[in-house]
There are 2 protein chains.
Amino acid sequence: MPTTIKTDYFTKDQELTAKFAKALGHPVRIAILELLNSQACCFHGDMAEELPIAKSTLSQHLNELKNVGLIQGDITPPSTKYCINRENFALAKRLIGNTLK
Amino acid sequence: MPTTIKTDYFTKDQELTAKFAKALGHPVRIAILELLNSQACCFHGDMAEELPIAKSTLSQHLNELKNVGLIQGDITPPSTKYCINRENFALAKRLIGNTLK
DNA sequence: TAAACTGTTCGCAAATATACGAATAGTTTG
DNA sequence: CAAACTATTCGTATATTTGCGAACAGTTTA
């Protein structure tokens, strides 16, 4: 068997593609994005009413989407407004679409 | 607070979109798909040489991709040939792309 | 300042995902 | 038939994800 160097195998793009895809890998998060997409922006509370999960769980999902940059949160207590990050939306679409080409 | 029915909240499309995305949510599986995409088909052994994981782990990843229908395996011992399932590739691209529109 | 309102964070439990090597299962070769 | 070859399955360990309710943190209102 030939020796194969396997250090740092993955490219940044591959890592990023997987990261975006992973963030999309849950129905709740798909639903969140569709909600945000259908309206300009959305408050946490509005989504909590629609989605079949506890508020704390919703916060976690929103946080995951925020961490990969697919959405952004405008925190002005007592309420928080969430919007889609169009730039990263497009990037994610391009990366994933490229993998599925 | 108005009563909201939350049973069976997610649509089939939302579930399927999440499923596809989840399958894409790991760099190894992204790399696998890119390998398969760059060549017509690929043997397990060819990929095992390229990827920084054990063969058994590779089998698991291939199995996940197969389970969601993104690839298909042609098992003719002692070797197994894997190909991309173009139909579901396109479906996944359409569903995820639609979410990110 | 107390109470109300909206979200987040914490602490925990259960379920999934990831990874490896050993053992196993089909073929083909000697 | 034994050995070699390729790949999967098994058993196991660890890490991550998902989910909830309780507790907490900023504002605004009474």
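Modeller: Buried area is the accessible area (1.4 Å probe) that two parts lose on being put together, summed over both. By that rule, chain A and chain B bury about 3,300 Å² between them. Carbon and sulfur atoms carry 67% of it. The model is predicted: local features need pLDDT of at least 70, side-chain atom pairs count only at pLDDT 80 or more, and totals for chains, interfaces and linings use all residues. Residues are numbered from 1 along each chain as its sequence is written, chains are lettered from A and ligands numbered from 1 in the order in which they are written, and side-chain values use heavy atoms, with hydrogens and water left out.

Biologist: How many residues does each chain bring to the contact?

Modeller: Chain A gives 35 residues and chain B gives 35 residues. Contact means heavy atoms within 4.5 Å. A:Tyr9, A:Thr99 and A:Leu100 supply 19% of the area that chain A buries against chain B, more than any other three residues.

Biologist: What makes the two copies a two-fold pair?

Modeller: A rotation of 180° superposes chain A on chain B, with 0.0 Å of shift along the axis and an RMSD of 0.0 Å. The two copies are thus related as by a two-fold rotation axis. The same surface serves both copies, as 100% of the contact residues of chain A recur in chain B.

Biologist: Why is the pair A:Tyr9 and A:Phe10 called edge-to-face?

Modeller: Rings of Phe, Tyr and Trp (its six-membered ring) pair if their centres lie within 6.5 Å; planes under 30 degrees apart count as stacked, over 60 as edge-to-face and the rest as tilted. Over all chains, 2 aromatic pairs turn up. The ring centres of A:Tyr9 and A:Phe10 are 5.2 Å apart and the planes stand at 90°, so the pair is edge-to-face. In chain B, the rings of B:Tyr9 and B:Phe10 have centres 5.1 Å apart and planes at 90°, so that pair is edge-to-face too.

Biologist: Where is B:Phe10, and what does B:Phe10 touch?

Modeller: B:Phe10 sits in the segment before helix H1 (12–23) of chain B. Leaving out residues up to four places away in sequence, B:Phe10 touches A:Pro27, A:Val28, A:Ala31, A:Pro52 and B:Glu15.

Biologist: How do you know whether A:Tyr9 is buried, exposed or partly exposed?

Modeller: Buried means under 20% relative accessible area, exposed over 50%, partly exposed in between (1.4 Å probe, protein chains only). A:Tyr9 has 24%, so A:Tyr9 counts as partly exposed. B:Tyr9, at 25%, is partly exposed as well.

Biologist: Why is B:Ser38 called exposed, and B:Thr80 buried?

Modeller: B:Ser38 has 56% relative accessibility, so B:Ser38 counts as exposed. B:Thr80 has 18%, so B:Thr80 is buried. B:Ser38 belongs to helix H2 (residues 27–38) of chain B. B:Thr80 lies in strand S3 (residues 79–84) of chain B. Beyond neighbours within four places in sequence, B:Thr80 is in contact with B:Cys42, B:Phe43, B:His44, B:Asp74 and B:Ile75. Helices (H or I, at least four residues) and strands (E, at least two) are DSSP runs, numbered from the N terminus.

Biologist: How do you know that the span of H2 in chain A agrees with its residue count?

Modeller: The expected span is 1.5 Å times one less than the number of residues. For the 12 residues of H2(A) that gives 16 Å, and the end C-alpha atoms are 16 Å apart, so the two agree. In H1(B), 12 residues should span 16 Å and the ends are 17 Å apart, which agrees.

Biologist: What makes H2(A) mostly covered?

Modeller: Of its 12 residues, 9 are buried. Among them are A:Pro27, A:Val28 and A:Ala31. H2(B) is mostly covered too, with 9 of its 12 residues buried.

Biologist: What covers the buried residues of H1(B)?

Modeller: The cover includes H1 and H2 of chain A, along with H2, helix H4 (55–67) and helix H5 (86–99) of chain B. The buried residues of H1(B) include B:Gln14, B:Thr17 and B:Phe20.

Biologist: What makes A:Arg86 sit over the ring of A:Phe89?

Modeller: The test asks for NZ of Lys or CZ of Arg within 6 Å of the ring centre and within 35 degrees of the ring normal. The charged end of A:Arg86 sits over the ring of A:Phe89, 5.8 Å from its centre.

Biologist: Which peptide bond of chain A is cis?

Modeller: The bond joining A:Pro77 and A:Pro78 is cis, with omega about 10°. A:Pro78 is in the loop between strand S2 (71–76) and strand S3 (79–84) of chain A. In chain B, the bond from B:Pro77 to B:Pro78 is cis, with omega near 10°.

Definitions and conventions:
Least-squares fit on C-alpha atoms with pLDDT ≥ 70 in both.
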